[in-house]
Amino acid sequence: MIRDTTLGSKLWAAAVWVLVGFFILNLLAMIATVVTSSFATRWLGTWLPVGFTTRWYTSAWSEFQLWDVLIVTFQVVGAVVLISGALGVTAAYALARRDFPGKKLLVLLFLLPLLIPPITFGIPLATVLYQTGLAGTFWGVVAANLVPTVPFVILVMIPFIEQIDPKIEAAARVFGANTFKLFVHVLLPLLLPGILAALLLVLVRTIAMFELTFLVAGPTSQTLVVSLYYAVFAAGVRSVQSIDAMAVIYMVTTLVWLIIALRFVNPTQIVTRAKQQPAH
Amino acid sequence: MDALAPATTIDHGPSLRQRLAANGFDAVTLLVVPAAILSLLLFIYPFAFGFVLSFEPKAGGDWLANYRRFFSDAFLYETIAKTLWLAVPVTLLNLLLAVPVAFRVRLMRRQRLLTTILVLPITLGTVLVAEGLLNYLGPQGWFNRTLMTFGLISQPLKLVHNYWGVFASLLITGFPFTFLLTLSYVTGIDPALEQAAATLGANAWQRFRHVYLPLLMPGFAITFCLSFVQAFSVFPSAVLLGEPAGLTRVISIAAAQAAFEEYDYSMGSAIAMIMGFVQLGIVVAVLASRGLFYRGPASGAKG
């Protein structure tokens, strides 16, 4: 490793760390504001609220029908995770193991929904779903959310599958395993860490996926993040603390899964899947 | 790979199945079909449908009526400029901040804590960030309060319900995204190259300018594109933190309003198509300029 010892480079390093510190400080303060406000009795024009209470949580719970919303959220997320897992892993296996004409085109087809922002393809998608009558229903929301998650699983799984030696599969074939048996008895156990990582990331992303759910959800198929949006949008109707309490519930729902996910994946995987080289 | 294809006996010469297998088509290849059908149905078909629909105006008129209306109504066509005016500065600033930070962080042993903190705003999503910033940057929020305590300002700055609120939210969700992408590109370059430059007496700036920058330029171009596309499609924070009827009436608001408030799906699709084309245009322009830079191996080759 190269160590720069000149004054200039030390100042530069200090400046960079100050920048990072400033960013993180603001980020944490922003989150702390929401949490503090959700426990505040009255908070106007002072550093800290006058007193603390937990009653906003009970009022938010009943005002926003959070129980129903949470159930819908987990049903949607569960369906999205299972379907995108089943479709994504099988497709990733085919793409990792076979070379066939048109493969590049197919990979492009799976890359596009990840590169194009949800709101851009969400509007035509929602239009189609409204015309077929799926929009506003549970399955409409699930279908819209599958568009980016299936390709996501495929792209995360391909490197995992490529790591498995094809000789192991060849051995299973020699002993007469068909593709299904090969999947269940050989590949699934070997791929489990990768599948778990991919599906946890899908789970976190789907809980936080606002645009697609917002565009296709009806009153009975709203997920938590969409309810939160409507609550903030209609701020003034409800008290700020109540909305903040809901925001905290949303934060906890997301962060629990993020923490579980981080046990299996590198945080950078949430953004990229580029392999990191070990530092020499 | 072909050796893996189910081996059938070659009694009667190659069958159709064998010839297909030789090209890589067999039962395993078919596993890709369900996902491909899903993508075709829910991604390609809606896009094509929206594209065709945008040429069939709801109010009648000829096939270009929607596009003509968009480009003649200032309330609509100005959304492109307003969105660019948000997305381009934010993306450039994010990239400009991310590069020095990534170069510093790559030397760290324990990057995990930092990357975990930075992943927070991405995971929490734009809606929560908007709600948090409404409190935090508001006139009574901690940010203004701190600045006033230090005597930097006498009046609270107006940071929400205007351009800067959206700018701040794009910075908070966009910077981690840009940073993590940049970091993965920076750590992908063999440190041996830098060590060689240092051995030959290059200082830190020279190493960056003559070794890293040429190698990283393609990565930066892609990072810029991905971050820009994200920023260009800003939606919830422009509504919640900005002034959705004024300065931060971005193009996605116009599209969503046309489609789901006026129920003019044709116009909504037209605006979505215009949004897609502007994004595509910028991405193609950036990636085309990538050809001007070095392209080649970024690892220290032996020999």
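I counted the elements of chain A and found 11 helices and 0 strands, where helices (H or I, at least four residues) and strands (E, at least two) are DSSP runs numbered from the N terminus. The model is predicted, so that local features need pLDDT of at least 70 and side-chain atom pairs count only at pLDDT 80 or more, while totals for chains, interfaces and linings use all residues. Residues are numbered from 1 along each chain as its sequence is written, and chains are lettered from A and ligands numbered from 1 in the order in which they are written.

I then looked up the extent of chain A, whose C-alpha trace spans about 75 × 65 × 35 Å along its principal axes.

Next I turned to the two chains together, and noted that 86 residues of chain B are in contact with 83 residues of chain A, contact meaning that C-beta atoms, placed from the backbone, lie within 7 Å. On the side of chain B that touches chain A, the largest share, 20 residues, comes from helix α5 (residues 112–136) of chain B.

I also checked L228(A), which, leaving aside its neighbours within four places in sequence, is in contact with M246(A), A247(A), Y250(A), V127(B), L128(B) and E131(B).

Last, I looked at helix α5 (residues 118–132) of chain A and helix α11 (residues 251–260) of chain B, whose axes come within 10 Å and cross at roughly 5°; axes are lines fitted to C-alpha atoms, for helices over the stretch in contact, with angles from 0 to 180 degrees between N-to-C directions. The residues making this contact are I119(A), I123(A) and T127(A) from α5(A), and S252(B), A255(B), A256(B) and A259(B) from α11(B).
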